[in-house]
Amino acid sequence: MSELPTVVIVGRPNVGKSTLLNRIYGKREAIVEERPGVTRDRKQVDAEWQGIKFRLVDTGGWLAGGSALDKKVSKQSEKAMTEADVILFVVDATVGVTDEDSQMVRKIRSAEAPVILVANKVDAEAHENSIWDLYSLGLGDPYPSSAMHGRGVGDLLDEITSHFPNQAFEEESEEERIFSIAIAGRPNVGKSTLFNQLIGEERSVVHDMAGTTRDTVDTIVTTRIGDVKFLDTAGMRRTSRIDEDTEYYSMLRALKSIDGADVALLVIDSTEGVTNQDQRLAERIDAAGCPIVVVLNKMDLLSTEEKEILNHQVERKLNFLPDVPVHRTSAVSGKGVDKLLPSLSFALDAYTTRIPTRKVTDIIRRAQQAQPAPAGARVMYATQGATDPPTFTLFSNRSIPDHYLRYLERELREKCDLGSTPVKLRVRRRNE
Ligand code: GDP
Ligand code: GDP
């Protein structure tokens, strides 16, 4: 049994922590289920929201300095925070930000877990104006709620559970997720030769299995980056080459396998340079949200001069793929092929990465400080909602112009080492 995700509630005394715990737990009465070793300073219960179970810990009060009891309580809070998966920092919106709140924020920031700012005692919509002051805490968007009446607590629970490690994803990675690789490219660029080099190079255990689309066969290969699945390899194995490839069918097949791929090797014939078809294929792969590793094959046939020309051409014609890795190979001799798997592995890491909300919000905040959006538009809070590919949700006060979104995307890509993996941004507007 794995441990439940732990949500820790911190905040000054009287802001409504214990009321909130009871509200979430679903009881107005005092907590009955107390765990062994839990003092009155620290209550914990197992709660559930939309089928997701988690542990909820109320840290009691937290006072800066003060009496021996205050100190003990503060220590408890700090310890609890180090064990948290999510921290709820509760403030009393009717009071606004106090010095104690600000002091706590400093401590909270040093904890690893994402922090959700709860603006409590917002019992009616009319009180929501009081939350703007809370942005000064630098913890992003406050969640207005009323622990007493239950207002906003559903939204808050959605937000809390969205920060838990994605369970389906975790299960998959526990039993070693097998990544799918598509080898895409026009006919005769050297896909089969490259594939055979790749699997020969690895001296790997290879087995075939029925592919996801009709008439296709995929090949699972044990490699130094783990088991990987090469998609639609029927025609590629040395012995069983079926040469019915026309340009059209080849494109069609390539597009099908791209849909199921986690990453694509785009193979280009260096002797022909980057053709329109290559560009179109690259665009389609990118649009499918699949990271690309470019392979310029048949390099052995190029003179030094031709290599120079090709370099310029790649820069010019593939510049719509930001930071895409470009490899140069000779599939017949195997030269350069050993670099491909590590590069694929790097691309897959970026594709499946999960960035903590606090880091995302921080990157966006800094980017906006360096260069604010036009016309008073502002992203208040940002979170990564999904992986494969990394997908970010930005909460903004009004619509954000496209060029500014591209700027934010570049910042995220750079600061999170996302390499060339496609990144999706979604903007949600919050009513002011
Ligand atoms: P704690 O010390 O942070 O655990 O705070 P409590 O949960 O004991 O609440 C302190 C006081 O604030 C109690 O009198 C609660 O009834 C009141 N309170 C808690 N939540 C709310 C709320 O959402 N609205 C209002 N109006 N009062 C609240
Ligand atoms: P596919 O249609 O993309 O699978 O291409 P193949 O792997 O069947 O290769 C087409 C032709 O190009 C074959 O004659 C290969 O021997 C040749 N070829 C593939 N890679 C290279 C290479 O790196 N250098 C040279 N000189 N020829 C290559």
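User: Let me begin with Lys-121: is it buried, exposed or something in between?

Analyst: In this predicted model, Lys-121 counts as partly exposed, because its relative accessibility is 27%, and buried would require a value under 20% while exposed would require one over 50%.

User: Which residues come nearest to ligand 1?

Analyst: There are 14 residues around ligand 1, and those that come nearest are Asn-14, Lys-17, Ser-18, Thr-19 and Asp-123. For Lys-17, an N or O atom of the side chain is 2.8 Å from an oxygen atom of the ligand, while for Val-15 a backbone N or O atom lies 3.3 Å from an oxygen atom of ligand 1.

User: What kinds of residues make up that shell, by class?

Analyst: The shell around ligand 1 has four nonpolar, six polar and four charged residues. Helix H1, residues 17-25, supplies the largest share of this shell, with three residues.

User: OK, on to ligand 2. How many residues surround it, and which are the closest?

Analyst: Ligand 2 is surrounded by 16 residues, of which the closest are Asn-188, Ser-192, Thr-193, Asp-300 and Ala-331. By class, this shell has five nonpolar, six polar and five charged residues, and its largest share, three residues, comes from helix H6, residues 191-202.

User: Switching to the strands: why is E11 described as largely enclosed?

Analyst: Strand E11 spans residues 263-269, and seven of its seven residues are buried, so the strand is largely enclosed by the rest of the structure.

User: Which way do its side chains point?

Analyst: Val-263, Leu-265, Val-267 and Asp-269 point one way from E11, whereas Ala-264, Leu-266 and Ile-268 point the other way, and all of them are buried. In a regular strand, the side chains alternate between the two faces of the sheet.

User: What are the bridges that join E11 to E7 and E12?

Analyst: Strand E7, residues 179-184, runs parallel to E11 and is joined to it by four bridges, with Ile-183 standing opposite Leu-265 of E11. Six bridges join E11 to strand E12, residues 292-297, and these two also run parallel, with Val-267 opposite Val-295 in E12. From E11 the chain crosses through helix H8, residues 276-287, to E12, and this β-α-β crossover is right-handed.

User: And which sheet has E1 in it?

Analyst: Strand E1 belongs to an open sheet of six strands in the order E2-E3-E1-E4-E5-E6, where the pairing is mixed. The edge strands, each pairing on one side only, are E2 (43-49) and E6 (143-144). Within this sheet, E1, residues 6-10, and E4, residues 86-92, pair in the parallel sense over four bridges, and the bridge partner of Val-10 in E4 is Phe-89.

User: Back to loops: where is Asp-417, and is it buried or exposed?

Analyst: Asp-417 lies in the loop between helix H12 (402-415) and strand E16 (424-429), and it is exposed, with a relative accessible area of 57%. Its phi is near 50 degrees, a positive value in a residue other than glycine.

User: One last thing: what is the peptide bond from Asp-388 to Pro-389 like?

Analyst: That bond, from Asp-388 to Pro-389, is cis, with omega near -5 degrees. Pro-389 is placed in the loop between strand E14 (379-386) and strand E15 (391-396).

Conventions. Residues are numbered from 1 along each chain as its sequence is written. Chains are lettered from A and ligands numbered from 1 in the order in which they are written. This is a predicted model: local features need pLDDT of at least 70, side-chain atom pairs count only at pLDDT 80 or more; totals for chains, interfaces and linings use all residues. Side-chain values use heavy atoms; hydrogens and water are left out. A residue is near a molecule or strand if one of its heavy atoms lies within 4 Å of it. A polar contact is a pair of N or O atoms within 3.5 Å; within protein, one must be able to donate a hydrogen and the other to accept it, and residues adjacent in sequence count only if both atoms are side-chain atoms. Ala, Val, Leu, Ile, Met, Phe, Trp, Tyr, Cys and Pro count as nonpolar, Asp, Glu, Lys and Arg as charged, and the others, Gly among them, as polar. Buried means under 20% relative accessible area, exposed over 50%, partly exposed in between (1.4 Å probe, protein chains only). Two strands pair if DSSP finds at least two bridges between them. A crossover is right-handed if, with the strands pointing away from the viewer, the path from the first strand over the helix to the second runs clockwise.
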